Amino acid sequence: MDGGVAMQRALILTAIALIGIIGGVAAQNCGCAGGLCCSRFGFCGTGDDFCGSGCREGPCNIPPLTPSVNDVVVADFVTEEFFNGIINQADAGCAGRGFYSRPTFLEALRSFDRFGRIGSVDDSKREIAAFFAHVTHETGHMCFIEEIDGATKDYCDEENTEFPCNPSKGYFGRGPIQLSWNFNYGPAGENIGFDGLNNPEIVATDPVVSFKTALWYWMNFVRPVINQGFGATIRAINGALECDGANSATVQRRVQFYTQYCDQLGVAPGNNLTC
């Protein structure tokens with residue numbers, strides 16, 4: 001999630017307000033009436049903004065994960081050559097060069113055994129390629145641990161009472177897929193096992209936790225739409241800032257990394273690459 005997430009949040013809230021006129025938005029943090037979905041931001045309503053990626057309860061339109069996993073061993077595809085081929089393109093002085101590593105990624109992966117293991121072997125390869133394409137773009141080939149100038153930006157959604165901000169903490173982007181906002185740090189911490197609201201800094205100091213937050217975000221908000229094509233994963237991560245012509249250059253960079261990694265893994269990238 002890039003540095004412009006604040007703009008994305010504003011656009012999302014504007015969309016929610018407009019849809020609420022039609023769909024009947026209820027109070028934040030949900031407990032929705034029958035027939036309404038609870039969005040990832042804690043509002044009740046209908047349509048993709050509520051029932052799509054990140055839908056928390058109600059008639060969500062995201063298909064459930066396949067009950068069983070395949071026999072793919074992700075480490076067989078995320079080899080040292082593959083991983084180092086990404087991070088070695090970062091400048092030697094980058095903070096990420098001494099932070100991110102293949103062993104820490106594989107350690108984090110132990111908590112997410114469905115990653116890269118749903119569907120066919122080619123599906124697994126495409127998911128791995130997509131994940132690392134976004135990581136490459138978000139971190140500059142794993143150069144950055146924290147969002148550039150992130151500490152100067154306000155990522156506190158004060159209306160979110162379920163995951164209230166600690167006023168002395170900053171919820172700016174950190175990690176391989178830059179986790180941001182209190183409404184992401186809170187539930188990520190609950191799932192992974194750290195205090196996301198009072199200790200968000202751990203995402204930039206513990207590389208295993210850092211990779212776990214990226215995998216948590218991926219499995220909850222990105223993987224559910226991956227069957228719609230790589231373009232849908234861009235929309236799930238940074239759609240309002242990049243999709244529908246908002247920033248075609250960054251979309252193309254993500255696609256470039258994705259197709260490059262698909263080629264390395266020996267799989268066709270599929271359709272619907274852009275958003």
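Cys 44 is buried in this predicted model, with a relative accessible area of 1%. Its partner in a disulfide is Cys 32, at an S to S distance of 2.1 Å. The bond brings together distant parts of the chain: Cys 44 belongs to strand E2 (residues 44-45), while Cys 32 sits in the loop between helix H1 (5-23) and strand E1 (37-38), the two cysteines being twelve residues apart. Cys 32 has a relative accessibility of 18%, and because the limit for a buried residue is under 20%, Cys 32 counts as buried as well. The torsion about the S-S bond of this pair is about -90°, so the link is left-handed.

The count of disulfides in the model comes to four. Among them is the bond that joins Cys 156 to Cys 165, with an S to S distance of 2.1 Å. Here the torsion about the S-S bond is 115°, and the link of Cys 156 and Cys 165 is right-handed. Another of the disulfides is formed by Cys 243 and Cys 275, whose sulfur atoms are 2.0 Å apart. For Cys 243 and Cys 275 the value about the S-S bond is -85°, a left-handed link. Cys 243 is buried, its relative accessible area being 3%. A further cysteine, Cys 262, counts as buried at 0% relative accessibility.

Attention now turns to helix H5. In this helix (residues 102-109), the buried residues are Arg 102, Thr 104, Phe 105, Ala 108 and Leu 109. They span an arc of only 165° around the axis, and therefore lie on the same side of H5.

Charged side chains complete the picture. A search of the whole structure finds nine salt bridges. One of them pairs Lys 153 with Glu 147, at 3.0 Å from N to O. The two partners can be set side by side: Lys 153 is partly exposed at 34% relative accessibility, whereas Glu 147 is buried, with a relative accessible area of 7%.

Glu 201 and Lys 169 also form a salt bridge, their closest N and O atoms lying 3.1 Å apart. Since Glu 201 lies in the loop between helix H7 (182-192) and H8, and Lys 169 in the loop between H6 and H7, the pair ties together parts that are 32 residues apart in sequence. Glu 201 is partly exposed, with a relative accessible area of 29%, and Lys 169 is partly exposed, with a value of 26%.

The side chains of Arg 235 and Asp 244 meet in a salt bridge as well, at 3.1 Å from N to O. Arg 235 is partly exposed at a relative accessible area of 40%, while Asp 244 is exposed at 64%. Finally, a network of salt bridges links Glu 138, Glu 242 and Arg 254.

Conventions:
Residues are numbered from 1 along each chain as its sequence is written. This is a predicted model: local features need pLDDT of at least 70, side-chain atom pairs count only at pLDDT 80 or more; totals for chains, interfaces and linings use all residues. Side-chain values use heavy atoms; hydrogens and water are left out. A disulfide is a pair of cysteine sulfur atoms within 2.5 Å. Helices (H or I, at least four residues) and strands (E, at least two) are DSSP runs, numbered from the N terminus. Buried means under 20% relative accessible area, exposed over 50%, partly exposed in between (1.4 Å probe, protein chains only). The arc is that of the directions from the helix axis to the C-beta atoms. A salt bridge is a side-chain nitrogen of Lys or Arg within 4 Å of a carboxyl oxygen of Asp or Glu.
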